[in-house]
Amino acid sequence: MKESHKILMKPLKDKLKNIPRFSGVYLMLDKKGEVIYIGKANNLNARVRSYLNVKSWEQRPKLHFMMPKVNDIKTVITNSEKESLILEANLVNKYQPRYNVTLKDDKKFPWLMITYDETYPRVIPIRDVVGFQKKYPKTKNKFFGPYTDVGAMWDTYKILKEGFQLRLRRKPLFKDRPCMNYHIGLCSGPCQKLISDNEYQKIVKQVDDFLMGKYDAVLDNMKKQMDSASDNLQYEKAKKIRDTIRSIKKVLEKQLVVSENISLSQDVFAAVINEQFKVVVLELFMVRGGKVISIESFPVKLPQHTLLKEAFGESIKQYYSRIADENLPDEIVVQYEIKEREKIEEWISGRKQKKVKLVCPEKGKKRDLILMVCDNAKHALNKVIMSEINTVYEDIDSTLKGLQEKLKLKNLPYKIECFDISHLGGTGTVASMVAFVHGKPLKENYRKYKLKTVIGKIDDYESIREVIRRRYSKINNVEPPDLIIIDGGKGQLSAAKKVLKELDFDFNKTDLISIAKKKEEIFKINEKKAVVLDKASFELHLLQRIRDEAHRFAIGFQRELRKKHTFES
């Protein structure tokens, strides 16, 4: 273990004497004073001491990256383990530390809020619920969400606005007459006493029930109102209620029925991961009254060397630290066992004021539901990955500039060529070359090679030498790229460099690197130490995309030749 790491930890070890041996939460800060990691412990002193033991880093790879960046450690004492769990989740939500598993900042997701603080409550969209509650700690307002599907939130808001006639303005526009919203049927006019306070509060209760997923109760009530209006010859009112009922039923038609038990209240969670992009999606089916009333997808930031099961448990804790007590279910169904199951049950049960179970089914209907949620999570993950890829190419100039800076390339890698070798047990060795210009594939410049010098044996180095020689031996006829990438390690890189030197290749005009897939290490000529880019960086994503495209093209050519050989024989 590096002696420098032990020296780095010494100032932190000196602070151990001031760290108590009680339960609580610890915050690790970098030199800028930014919180980079938050954790909890039954014994703060013992837990922090374990982080400062450099030998323990061998079993905990994440600490290799994190601990050298820690400049200070702060602690907060709590009265119980449950308090530690709650405080940790709240602080992670607040600071979004880079080495914690974090749900996407929910300030980006909208909520719907019923403004119970007002005499005549309204329904309004809101984003920063935590900020609102911090500004108004005694608020009676209720929050529903978050809606990760913004379109679904606006569809719901439209039904509420057009169907229930709650007021839209915070203050009356006129003192002695209703505004236009009343005349076009979007408001019931409570500010002008055109509806009694009691009747208005009944409408508010219906909206509350609707947002809580109590659709059957809302529809029964509205049916009675429609019949009453019709009996009293109020046909326009009856027609409007009928149209609202139809709108609600359209929403219900899209909902999946998972149980005939109309009292069933569950939150069902599953998660999937993309190892290449280090992205996790936490998927939630919100089941109320036996129906899936909401499907939400939460992208999760995954620090290096963090397992999916760990991310899963941490994400669920953060989710429940964000939502209002009235949105809590009677049962939480999860894909993986969670270490702190009993503490989480105690925490959620205390908030709901009734027993809430957390279960991880291995078979039966609940397990089938988990698998369904998992399938949805895969589709959501694909959307997230496509968004990541699009971000890379939307800002390709910054990505290419970042690649040049991080790898210390002599040239901006505008034109890139990448080589891959493919064989099947030493037979049918082929090579591929793909070309990317300004971050996009230039398929007319792709090349495939049936190798001649390596037959009946595996020799990646000789294969690289042959394909490089064939590609660049007539350099005057080929516009040299800004960057050449070899799929492989130091040996493959040396083989390519040797041939290019023989061909009098100008390394001032073209950079040469290799990328080894196992650890995504990047090797450069004349440098012994590999460069390792951040797993979540756009620069690494671009290199991986190019490397994987070269591999795909080589495999496709090999299969094509094998199929042709099989047909001829």
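A cavity is a set of points, on a 1 Å grid over the protein atoms alone, where a 1.4 Å probe fits but cannot get out, and lining residues have an atom within 4 Å of a point. The model is predicted, with local features needing pLDDT of at least 70 and side-chain atom pairs counting only at pLDDT 80 or more, while totals for chains, interfaces and linings use all residues. Residues are numbered from 1 along each chain as its sequence is written, and side-chain values use heavy atoms, without hydrogens or water.

**View 1. The largest cavity.** The space in the largest cavity comes to about 130 Å³, a volume being the space filled by probe spheres set on grid points joined across faces, edges and corners. R169, P172, C179, C187 and C191 are the closest to its centre among the 17 lining residues. The lining of this largest cavity splits into 10 nonpolar, 3 polar and 4 charged residues (nonpolar: Ala, Val, Leu, Ile, Met, Phe, Trp, Tyr, Cys and Pro; charged: Asp, Glu, Lys and Arg; polar: the others, Gly among them). The whole structure holds 4 cavities of 30 Å³ or more.

**View 2. The second largest cavity.** This cavity has about 50 Å³ of space. V123, Y157, L160, K161, L166, R167 and L168 form the lining of the second largest cavity. Helix α6 (residues 150-164) gives the most to that lining, with 3 residues (helices are DSSP runs of H or I of at least four residues, strands are runs of E of at least two, both numbered from the N terminus). By class, 5 of the lining residues are nonpolar and 2 are charged, with no polar residue.

**View 3. The second largest pocket.** A pocket is an open set of points with protein on both sides within 12 Å along at least five of seven lines. At least two lining residues come from each of β2 (35-41), α2 (44-52), α3 (62-66), α4 (81-95) and α11 (308-322). The lining of this pocket has 14 charged, 11 nonpolar and 9 polar residues.

**View 4. Strand β1 and its two partners.** Strand β1 pairs antiparallel with β3 (residues 72-77) over 6 bridges and with β2, also antiparallel, over 6 bridges (strands pair if DSSP finds at least two bridges between them). M28 stands opposite I73 in β3 and opposite Y37 in β2. In a regular strand, side chains alternate between the two faces of the sheet. On one side of β1, G24, Y26 and M28 are buried, and on the other V25, L27 and L29 are buried (buried: under 20% relative accessible area with a 1.4 Å probe, protein chains only). The hairpin of β1 and β2 has 5 residues between the strands, and G33 takes a positive phi near 85° there.

**View 5. Helix α4.** S84, L85, E88, A89, L91, V92 and N93 are the buried residues of α4. These buried residues pack against β1 (24-29), β2, β4 (102-103), α11 and α12 (341-352). Q96, with a positive phi near 50°, follows α4.

**View 6. S265.** S265 lies in strand β8 (residues 265-274). S265 is buried, with a relative accessible area of 12%. Beyond neighbours within four places in sequence, S265 is in contact with V287, R288, L328, P329, D330 and E331 (contact: heavy atoms within 4.5 Å).

Methods. Buried means under 20% relative accessible area, exposed over 50%, partly exposed in between (1.4 Å probe, protein chains only).
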